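Reader: I would like to learn how to read the features of a model such as this one. Please show it first.

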Amino acid sequence: MPKRLLRRAFVLGAGLAGALTSAANAGEYNLTVDPVIVDTGTFKRTGIGYNGATPGPVLRFTEGEDVTINVVNNLDETTSIHWHGLILPFDQDGVPGISYPGIPPGETFTYRFPIVQNGTYWFHSHSGFQEPDGAYGSIVIEPKKREPFQYDKEYVVQLTDAHPHRGNRIMRNLKMMPDYYNRQQRTLFDFLKDAREKGVDTALADRAAWGDMRMMPTDIEDLQGFTPLINGKSTEQNWTGLFKPGERVRLRFINSSAMAYFDVRIPGLKMTVVQADGNNVLPVPVDEFRIAVAETYDVLVQPKEDQAYAIFAESMGRTASVRATLATSEGMVADAPELRKPSLLTMADMGMAHEGMDHGSMSMGGMSHTMPDGRAMQGMNHGAMNQGQTNHGTGQMSDTHKMPDGSSMKGMSHAGTDHSGGGGMPTMKHDGTAMAQEGHTMPDGSIMKGTSHGGMNHGAQGMMAEADSFYAPGSGLTPSAANGGKFLSYDDLRAQKPLYEYREATREVELRLTGNMERYIWSINGIKFADADPIRLKYGERVRFKFVNETMMTHPMHLHGMWSILDTGKGKWNPIKHVVSVAPGTTVFMETEVDAPGQWAFHCHLSYHADSGMFRKVVVEGGPKDKSAATTTNMKTGG
Amino acid sequence: MKIRIASLAVFAAILSDSPASAEQWFWGVQAEQLEWRSGEGSPAYAWDLDAFAGTDEYKFVVRSEAEYGTNANAFETLENQLRLQVPVSTFFDAVAGVRYDSPDGGPRRTYGVLGLKGLAKQWFEVDADLYLSEYPSARFEIEYEGLITNQIIFTPSIELDLPLADDEATGRAAFGPKLEIGGRLSYDLLDRAIAPYVGVHWERTLGESGRLVRDEGEDDDVVSFVVGFRVMF
């Protein structure tokens with residue numbers, strides 16, 4: 001691990017500053033935090049930006065550089081800047097209450113830290129709702145060494161979800177009425193349509209099943225009504241990136257949205273994903289990819305024709321879209337494809353999060369269920385069976401189970417399991433799934449423990465749409481490419497170069513992602529941030545985090561200060577990320593080498609989920625003293 | 001109106017005295033009914049509104065319900081409540097508070113309030129209150145928002161007010177309930193802030209209470225057409 005040692009040396013240098021840094025490459029940067037006007041073409045509102053604009057500037061650093069960044073707060077409230085994805089001393093991480101107190105109005109804070117990595121990142125305020133209000137910018141770090149791919153030109157493509165309401169008002173409205181912004185709810189007409197297509201009984205049973213849980217299958221985006229922007233421009237304002245036919249263009253996608261996931265494509269062009277969250281991956285050619293909130297993906301494209309190409313991003317809930325253009329001259333406008341129809345969540349997405357669910361009567365205790373198909377079992381999570389109407393009775397799992405849509409699910413006998421007759425689930429297709437898995441034994445009826453998504457290669461499944469093991473089987477959220485081609489999955493990501501030696505995790509920490517939708521309280525292990533103790537880690541550990549998503553929403557989990565090594569079953573080649581998206585009804589694992597002393601934030605990156613409690617402080621105990629941040633005062637008044 | 005202002009002042013005092021904590025404060029105002037009623041009875045303005053402020057753990061609510069008759073230029077009913085809501089389950093809050101009634105020409109009454117408020121299965125919004133005094137009563141309200149489209153909403157509601165003791169001065173007899181059934185069709189005009197609606201409101205006074213109402217020369221069975229705004233901000 002010589003690379004790691006080198007990093008440590010740099011971090012050490014940061015504390016001393018001055019004399020040491022003069023030897024290295026050093027740069028000084030200035031940012032002002034300013035009130036700005038957000039103008040999307042459809043609405044204007046006040047907001048917050050950097051150097052007088054939102055998005056703020058692209059900060060260009062070089063790997064190995066020691067940066068000094070002077071941040072002047074021109075707001076009348078405290079602000080902060082978090083350098084998203086950067087590895088740095090914790091007191092430079094920019095989270096008020098964890099890294100430092102924040103930057104009071106009128107004051108200047110000087111950040112000093114070494115740049116120990118390269119790639120695409122971003123920065124944003126970590127105070128209140130300044131980020132959704134516009135306080136974000138991007139970071140591009142040039143590598144010291146030659147990259148394993150080549151390109152002629154590059155653009156940052158920063159996606160955001162500008163909302164006509166400011167963050168404080170949105171939070172208040174969500175607390176007052178959690179579906180305040182959901183304008184995709186199922187209506188009388190949807191019911192009539194369902195009744196016509198599936199029969200009145202089925203339609204009623206389906207409504208009753210959701211109503212029983214007091215949840216909505218349309219609850220994919222709890223904040224709608226936003227205007228998506230690319231580099232601050234709406235579809236009408238049409239951000240344009242120029243190319244010469246045949247040039248290879250690197251597009252650095254950053255999702256700086258408060259709440260919106262995007263499905264991104266460039267009709268007519270294959271995209272080659274070369275980097276995820278700032279770390280190079282083995283190139284994956286795709287037609288479309290989903291970018292979670294706060295993730296970055298770098299893709300290479302090679303437009304050969306002298307024409308305009310649309311960069312088209314649809315929100316995951318299909319409530320809004322934005323088109324930008326790749327063009328050979330200014331003024332060209334690519335056609336924006338039509339927004340696809342929204343999908344509905346299914347019972348598979350509900351996972352186990354059911355109130356009134358009664359496992360007690362199920363005599364699953366001593367049974368050993370061998371599953372030929374680990375995924376099917378995992379994704380079922382018994383969620384689909386634990387419906388209101390589902391009557392497990394004596395717990396005979398081999399019974400025919402009545403599904404919410406009124407049809408029956410046969411062959412759930414978990415032993416040998418014949419899934420071929422299981423046509424009851426709306427989109428589950430077990431047919432032809434010949435998965436040679438080792439048997440999974442279920443100690444209890446609730447969850448399949450230890451089922452790593454990663455360990456299975458689903459590539460060869462004969463499914464209708466290629467299944468993505470990072471979604472619950474039968475999930476309404478499973479993406480598919482608009483052109484029927486390849487849609488990127490976490491399963492496709494392989495680290496180009498592991499940052500760490502591969503080793504067994506020293507311990508596992510389970511984090512159940514929980515929430516109370518009606519009260520708009522989001523939490524981890526059922527406890528919101530205000531009431532929670534910090535997560536304590538020991539320097540030198542390798543911790544395996546187990547995310548169990550018990551909510552119906554997708555959560556992009558972000559650990560500050562240390563890398564999140566996503567378990568896709570590739571062992572030492574598991575991709576290295578800073579955001580791990582956890583779809584509803586799934587369990588996802590990531591591992592972290594605990595190599596950064598101090599205290600850090602760990603949270604869902606959906607702004608209103610983080611703020612309402614899906615947030616933790618992580619304390620890393622032990623480790624070299626000199627690593628744990630500089631003690632120099634960075635604050636000076638005036639400015 | 002004086003009473004409303006007084007209760008707001010109490011409410012403000014509680015707010016300002018609350019110690020600083022990590023809990024965030026939220027507030028909001030919701031008027032489910034703010035309407036003009038016209039029909040078999042005397043025409044009236046009526047409202048049913050809640051203003052709240054609080055955290056995830058505690059919510060202080062000022063609730064006001066009134067009917068102001070335009071013939072008599074007087075409040076036929078005027079109820080103001082100061083309520084504290086505390087979560088007791090995923091979907092329900094327990095309620096404790098005080099209620100003060102001060103209709104024009106009627107007796108003033110003060111009650112202690114104990115109740116439950118929340119969202120029942122199948123999306124029924126439920127309010128169940130017990131009003132405690134020497135003239136105790138119970139009230140049960142259910143409301144449902146039926147989406148015709150995502151903007152056009154039909155809201156049926158039922159309210160049952162059950163006196164548990166005789167209170168002739170207010171025209172109520174023990175176990176003679178008053179039943180109010182409404183149906184309102186609204187359109188979300190501006191966000192969810194303002195939604196104009198039209199609807200029907202039916203009030204029926206039953207049992208011995210019905211007789212008391214008739215003795216007063218009033219109708220125990222009144223159907224009104226209503227037009228108004230639902231307000232939320």
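Author: What follows goes from the whole chain to strands, sheets and contacts.

Author: This is a predicted model, in which local features need pLDDT of at least 70, side-chain atom pairs count only at pLDDT 80 or more, and totals for chains, interfaces and linings use all residues. Residues are numbered from 1 along each chain as its sequence is written, while chains are lettered from A and ligands numbered from 1 in the order in which they are written.

Reader: How many helices and strands are there in chain A?

Author: Helices (H or I, at least four residues) and strands (E, at least two) are DSSP runs, numbered from the N terminus. Chain A has 7 helices and 33 strands.

Reader: What percentage of the residues of chain A count as buried?

Author: A residue is buried if 20 or more other C-beta atoms lie within 10 Å of its own, exposed if 12 or fewer, and partly exposed in between, with C-beta atoms placed from the backbone. Of the 639 residues of chain A, 53% count as buried. Strand E31 of chain A (residues 598–604) is mostly covered, with 7 of its 7 residues buried.

Reader: Which strands pair with E31(A)?

Author: Two strands pair if DSSP finds at least two bridges between them. Strand E26 of chain A (residues 555–559) runs antiparallel to E31(A) and is joined to it by 3 bridges; A:Leu559 has A:Phe602 as its bridge partner there. Strand E32 of chain A (residues 615–621) is also antiparallel to E31(A), over 6 bridges, and A:Gly598 stands opposite A:Val620 in E32(A).

Reader: What is the order of the strands in the open sheet of chain A?

Author: The open sheet has 5 strands in the order E11-E19-E18-E13-E16, with mixed pairing. Strands E11 (240–242) and E16 (288–291) of chain A stand at the edges with a single partner strand each, so one side of each is left without a neighbour in the sheet. Neighbouring strands of this sheet are turned by 20° against each other on average, direction ignored; here axes are lines fitted to C-alpha atoms, for helices over the stretch in contact, and angles run from 0 to 180 degrees between N-to-C directions. Strand E13 of chain A (residues 262–265) runs antiparallel to E16(A), with 4 bridges between them, and A:Arg265 is paired with A:Glu288.

Reader: Where in chain B do hairpins occur?

Author: One hairpin joins E2(B) to E3(B) through 4 residues. Strands E2 (residues 44–54) and E3 (residues 59–69) of chain B pair in the antiparallel sense over 11 bridges, and B:Ala44 has B:Gly69 as its bridge partner in E3(B). In the hairpin of E3(B) and E4(B), which has 4 residues between the strands, B:Asn73 takes a positive phi near 50°.

Reader: How many residues does the contact take from chain B and from chain A?

Author: Two residues are in contact if their C-beta atoms, placed from the backbone, lie within 7 Å. The contact takes 18 residues from chain B and 21 residues from chain A. Strands E1 (26–39) and E9 (146–147) of chain B each supply at least two residues of the side of chain B that touches chain A.
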